Amino acid sequence: MSGEENITSNSEQKSGGPYANSPEIAPAYLNSPLSPITKVSPDITTMVSSNDYNVSLSRNDGNALDKNSSINSVPKENQGSPLPVSDVTTISEMNKLLLQSHASYRSMRPRWSSAVDQELLQARSKIENAPIVENDPNLYAPIFRNLSTFKRSYELMEETLKVYVYREGDKPILHSPYLVGVYASEGWFMKLIEADKRFVTEDPKMAHLFYLPFSSVMLVKTLYVPGSPSYENLIQYLHDYVDMIAGKHPFWNRTGGADHFLVACQDWAPSETKVHMAKCIRALCNADVKNGFVFGKDVSLPETHVRYAGNPTGELGGNSASNRTTLAFFAGKLHGYLRPILLQQWANKDPDMKIFGKLPKSKGNKDYINHMKSSKYCLCAKGFEVNSPRVVEAIFYECVPVIISDNFVPPFFETLNWESFAIFIMEKDIPNLKVILLSIPEKRYLLLQKRLKQVQQHFLWHKNPIKYDVFHMILHSIWYNRVFSATTT
């Protein structure tokens, strides 16, 4: 991942279901297959690198529970992803997996009935039969997979959704939002949902969703011992927390956790939560197809770098399209295997390609920001993990994101048509970067850049949330996946 960074058409709308408006087809060279770099046996110990740590994590995915645990064993049906994935899953393949998942993925049947189950099924039917929306003054149709279904789903969320926030648990791991840095998305969501009066209910019997308010950042800061060969103690902490919740309340065991959700941005969160929280809806920054991300259930959380808690969004915008003099820009620490390859291929090789390691410090990171504001394309190359705050930064500074991170599921994937405002390039195609970017017609570039300005609003944090902002988009994606995976007794 990152943990570092130099920052540390209306005509496109169709009717007939949530995916009737299929994404624009990217050029073939952007979706060419890639032979796997490495195959790792699931029963060996693999190295997980993040921030300043190198951690050896034993990949034991057993479902064993303590014999005194309050958590009922989860039925074997729908264990993990129901869909096979190849070694590299291209963006076009992800689109197919997403479509298939909403047709086939269902959570376990509740152990007893509740009125909320019928409310979810009714919402699904209303979304699937959404009236066609051709124009909306607040939403730009081309950036959505289907504006009609998004708008109807969002309206139903506002009308229907109730969230119960568990109050149990001690600080600093629980109820302690971490509001600055590259992992701040999880903290801002926690802060805003815990203060919310519209969606949050004090009556758990009325809840469609249950929020588990732990901080994956504070979990590591509090419990991880630097240099330790594993973080099994972090996993055990989360198990004990869930066990406590399941012992005190009946709601976890009613659905096996399928109506519970977590929001976690720290790199290790997928591994920490894939055993005891496997059935939860997991909103993750590290949204990696190869690390257990389940289409139709899990949500890709945008990694938003917040520099100042007093101003969570910061500045926006950049040079006009005609005044962006650099073809492509990248700067950052050489985390992971991919960035050194990027620099080896392009650093100091071509004046059109401004590719750097970590830039010298500047006040407010102005040098880095100015490069983004004056470049046509901003390269979002993976670090240790698939995610990077550069994706959202590029959107903020209206620099077309070029995502170079195989198997990365981009944020709000079930809703947004990413190929309408971003470029996806396979890792193996780094030597051809300039050729690929120059092959994009100017008319196409201008369209991509125009759409960036329209999608910005969906990635902005506000101290007091506003309609369609990032807080509501995260909540909507969680709501949407629950609606389409819910079953009844």
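Analyst: Start with Phe412, found in the loop between β11 and β12 (423-424). This is a predicted model. Phe412 has a positive phi of about 55 degrees, although it is not a glycine.

User: Why does Phe412 count as buried?

Analyst: Buried means under 20% relative accessible area. Phe412 has 0% relative accessibility, so it counts as buried.

User: What makes Glu398 buried?

Analyst: The cut-off is under 20%. Glu398 has a relative accessible area of 10%, so it is buried. Glu398 lies in the loop between α11 (390-396) and β11 (400-404). Its phi is near 60 degrees, a positive value in a residue other than glycine.

User: How many aromatic pairs does the structure hold?

Analyst: The structure holds 23 aromatic pairs.

User: Why is the pair of Tyr211 and Phe261 called stacked?

Analyst: Ring centres must lie within 6.5 Å, and planes under 30 degrees apart count as stacked. Here the centres are 5.1 Å apart and the planes are at 25 degrees, so the pair is stacked. Tyr211 sits in strand β4 and Phe261 in strand β5, 50 residues apart.

User: What makes the pair of Phe295 and Phe413 tilted?

Analyst: Stacked needs under 30 degrees and edge-to-face over 60; the rest are tilted. Phe295 and Phe413 have 55 degrees between the planes and 6.2 Å centre to centre, so tilted is the label.

User: Which charged end sits over the ring of Phe413?

Analyst: That of Arg145, 4.4 Å from the ring centre. Phe413 itself is buried, at 3% relative accessibility.

Note on methods. Residues are numbered from 1 along each chain as its sequence is written. This is a predicted model: local features need pLDDT of at least 70, side-chain atom pairs count only at pLDDT 80 or more; totals for chains, interfaces and linings use all residues. Side-chain values use heavy atoms; hydrogens and water are left out. Helices (H or I, at least four residues) and strands (E, at least two) are DSSP runs, numbered from the N terminus. Buried means under 20% relative accessible area, exposed over 50%, partly exposed in between (1.4 Å probe, protein chains only). Rings of Phe, Tyr and Trp (its six-membered ring) pair if their centres lie within 6.5 Å; planes under 30 degrees apart count as stacked, over 60 as edge-to-face and the rest as tilted. A charge sits over a ring if NZ of Lys or CZ of Arg is within 6 Å of the ring centre and within 35 degrees of the ring normal.
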